[in-house]
Amino acid sequence: MNRIVYLNGEWLAEAEAKVSVFDRGFLFADAIYEVTAVIGGKLIDYRGHTARLQRSLSELGIVCPLSEEALLAVHREIVERNGLDEGLIYLQVSRGPADRDFAYPAAPTPTTVLFTQAKAILENPRNQTGISIATVPDWRWERRDIKTVQLLYPSMAKMEATRRGADDAWLVEDGMVTEASSASAHIVKADGTLVTRGLSHAILHGITRAGIIELARSAGIKVEERAFTVEEAKQAAEAFVTSATNFATPVVRIDDVEIGNGRPGPICEKLRGLYTAERLSTAI
């Protein structure tokens with residue numbers, strides 16, 4: 001790869017982009033991140049992602065090093081510099097470098113990194129085949145509403161799912177599904193009601209999740225924001241996950257149980273179509 005990376009105000013070849021070994025993002029996972037989809041060279045749901053970025057930074061007491069206007073300009077420039085037509089932009093802001101100490105430094109200088117990844121979003125083959133899920137315990141920390149880079153356990157969960165022959169993991173706490181390893185989890189009841197866990201510290205406040213719920217209600221689909229059990233999910237008519245880089249992906253199997261008729265369902269397909277059309281029309 002020969003991508004151009006943004007690092008603290010500089011545009012660098014990826015091989016030249018270096019971060020200090022004393023950066024607290026490296027030493028303590030003291031950092032947050034966001035991922036914004038790009039389609040046709042335009043940013044999808046950008047305002048939602050930057051609003052969540054500011055919230056996460058505020059929760060950690062980190063001041064965003066870029067103004068709202070500068071941040072948008074950087075996103076647009078990294079798309080142009082890398083000729084990105086479809087894929088994603090990864091943004092990470094850490095508290096910055098400091099001598100190793102559990103106490104935060106008094107006046108940190110944040111580290112800001114952006115890079116791109118080319119990826120097929122609209123023509124994802126899993127939209128046609130669906131994915132399989134393995135359920136695993138949710139052993140993450142309790143502030144999952146902050147989008148930190150503490151991603152080791154979700155990575156371990158996904159690897160466990162892979163070991164069990166599944167595509168992804170759904171994390172389970174006290175018998176209830178919280179979310180997928182890197183996506184929001186949803187089910188559809190036999191009467192067509194969309195069920196998704198309500199917002200709290202237990203889950204990330206998904207930007208795509210919010211858009212899907214809004215569009216579902218506008219389309220006359222009943223929505224219940226509540227926790228659901230693994231057993232309820234296995235008996236559902238449909239299941240699917242939502243995320244910034246996959247929009248809405250159907251789930252056709254959970255553990256060893258086929259969901260519905262074992263094929264992607266109509267509600268997921270409808271909501272993905274609505275979301276894609278609406279977000280493409282408002283992309284910037």
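Analyst: In this predicted model, Lys147 is in contact with Ala31, Ile32, Tyr33, Glu34, Arg52, Ser56 and Leu204, leaving aside neighbours within four places in sequence. Lys147 itself lies in the loop between strand 7 (131–137) and helix 5 (152–163). Although buried, Lys147 has no salt bridge.

Ile32, a contact of Lys147, is among the members of the largest nonpolar core that touch the most other members, together with Leu43, Leu57, Ile89 and Leu114. That core holds 22 residues. Strand 3 (31–39), helix 2 (46–60), helix 3 (68–81) and strand 5 (86–94) each supply at least two of its residues, and helix 3 gives the largest share, five.

Glu34, the other contact to follow, also touches Ile89. Beyond its neighbours within four places in sequence, Ile89 is in contact with Glu34, Val35, Thr36, Val38, Leu43, His75, Ile78, Val79, Leu84, Leu114, Phe115 and Thr116. A second, separate core has 20 residues, including Ile44, Ile213, Ile267 and Ala283.

Nonpolar side chains tend to be buried together in soluble globular proteins. On the surface, however, Val21, Phe22 and Phe26 form a nonpolar patch with about 350 Å² of accessible area together. Phe22 is located in the loop between strand 2 (10–13) and helix 1 (24–28), and its relative accessible area of 44% makes Phe22 partly exposed.

Methods. Residues numbered from 1 in each chain as written. Predicted model: local features only at pLDDT ≥ 70, side-chain atom pairs only at ≥ 80, totals over all residues. Heavy atoms only, no water. Core = buried A, V, L, I, M, F, W, Y, C linked by side-chain atoms within 4.5 Å. Buried < 20%, exposed > 50% of the residue type's maximum accessible area, 1.4 Å probe, protein only. Helix = DSSP H or I, 4+ residues; strand = E, 2+ residues; numbered from the N terminus. Contact = heavy atoms within 4.5 Å. Patch = residues over 30% accessible without salt bridge, like charges linked within 9 Å, V, L, I, M, F, W, Y side chains within 5 Å. Areas by Shrake-Rupley, 256 points an atom, 1.4 Å probe, with all protein chains shown as cover. Salt bridge = Lys/Arg side-chain N within 4 Å of Asp/Glu carboxyl O. Lys, Arg positive; Asp, Glu negative; His and termini not counted.
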